[in-house]
Amino acid sequence: MVKPRNIAYYILSVTLVIFPFMCVESHGAEPNAARSSHADVIESDINNDGNIDGWSYVNDGYIQRQEIDMNFDGKIDSVFMYENDGRVKEEILDTNYDGKMDNWRYYKAGEVIKDSIDSDYDGKIDVWFYIDRGRVFKMEEDTSGDGSPDRTVNY
Ligand SMILES: [Ca+2]
Ligand SMILES: [Ca+2]
Ligand SMILES: [Ca+2]
Ligand SMILES: [Ca+2]
C-alpha cells in the first residue's frame, strides 16, 4: 500500500532531477532555438556520453513537452508536458525503469492536484491521490486488481 507521505518524496525526487537537465539544456541548445517560430525538437545529451537522452519539443517558442531518459538506459522514463507559461501541466514517469510508465501526475497552476500510481507495476493504476495545495485530501485504491478504485479514504 502506498502511503500519502510518499507524495512528498516523489515530488522532491522529480524536482531534484529536472533542474540539472534544464541547466544542461540552456548550455547545449542554440540560443535562438527556443524562440523558433515553428515546431522543433531540441536534443540533449545530459550525461555527455554521446547518446541523446533528452528531447524537448518546442512550438512557437514554448517548450510543450520534454521526454527524458533519466537513468540513461536508452528508454524514455520521464515525460513532462508544459503550459505556455512554462509550468508543468502533466508528468508521466516510469519510476522503476522497467520500460512501462507507472505514475501520472496532473498539475493545475503549477501545483500537483492528482497523482495516479501503478504501485505494483502490473500496468494498471491502483492508487489515486487527490491533492489540494500540497495536501492529500483523498486517496482511492484498487484493492481487487480490476483497474478501478474500490476503496476511498478521505483525509
Ligand atoms: Ca547521454
Ligand atoms: Ca530510462
Ligand atoms: Ca515502470
Ligand atoms: Ca497496478
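The following paragraphs describe the fold, the confidence and selected residues of a predicted model.

Residues are numbered from 1 along each chain as its sequence is written, while chains are lettered from A and ligands numbered from 1 in the order in which they are written. Because the model is predicted, local features need pLDDT of at least 70 and side-chain atom pairs count only at pLDDT 80 or more, whereas totals for chains, interfaces and linings use all residues.

The chain contains one helix and 10 strands; helices (H or I, at least four residues) and strands (E, at least two) are DSSP runs, numbered from the N terminus. In order from the N terminus, the elements read α-β-β-β-β-β-β-β-β-β-β. The chain has 155 residues, of which 20% are buried. A residue is classed as buried if 20 or more other C-beta atoms lie within 10 Å of its own, as exposed if 12 or fewer do, and as partly exposed in between, with C-beta atoms placed from the backbone. Two residues are in contact if their C-beta atoms, placed from the backbone, lie within 7 Å. Among contacts with a separation of 6 or more, 16% join residues 24 or more positions apart.

The mean pLDDT (the predictor's confidence in each residue, from 0 to 100) is 84 for the chain, and 75% of the residues reach 70 or more. Over residues 1-17 the pLDDT is below 50, and this stretch has 14 contacts in the model beyond near neighbours in sequence. Residues 23-36 also have pLDDT under 50, with 18 contacts beyond four places in sequence.

Ala-39 is located in the loop between α1 (6-28) and β1 (40-44). Ala-39 is exposed because it has 10 C-beta neighbours inside 10 Å. Tyr-57 belongs to strand β2 (residues 54-59) and counts as partly exposed because 16 other C-beta atoms lie within 10 Å. Between Tyr-57 and Asp-40, 17 residues apart in sequence, the C-alpha to C-alpha distance is 5.8 Å. Leaving aside residues up to four places away in sequence, Tyr-57 touches Val-41, Gln-64 and Arg-65.

The largest nonpolar core consists of seven residues: Val-112, Ile-117, Val-127, Phe-129, Ile-131, Val-136 and Met-139. Such a core is a set of buried Ala, Val, Leu, Ile, Met, Phe, Trp, Tyr and Cys residues joined through C-beta atoms within 7 Å. At least two residues of this core come from each of β7 (111-117), β8 (127-132) and β9 (135-141), and β8 contributes the most, with three residues.
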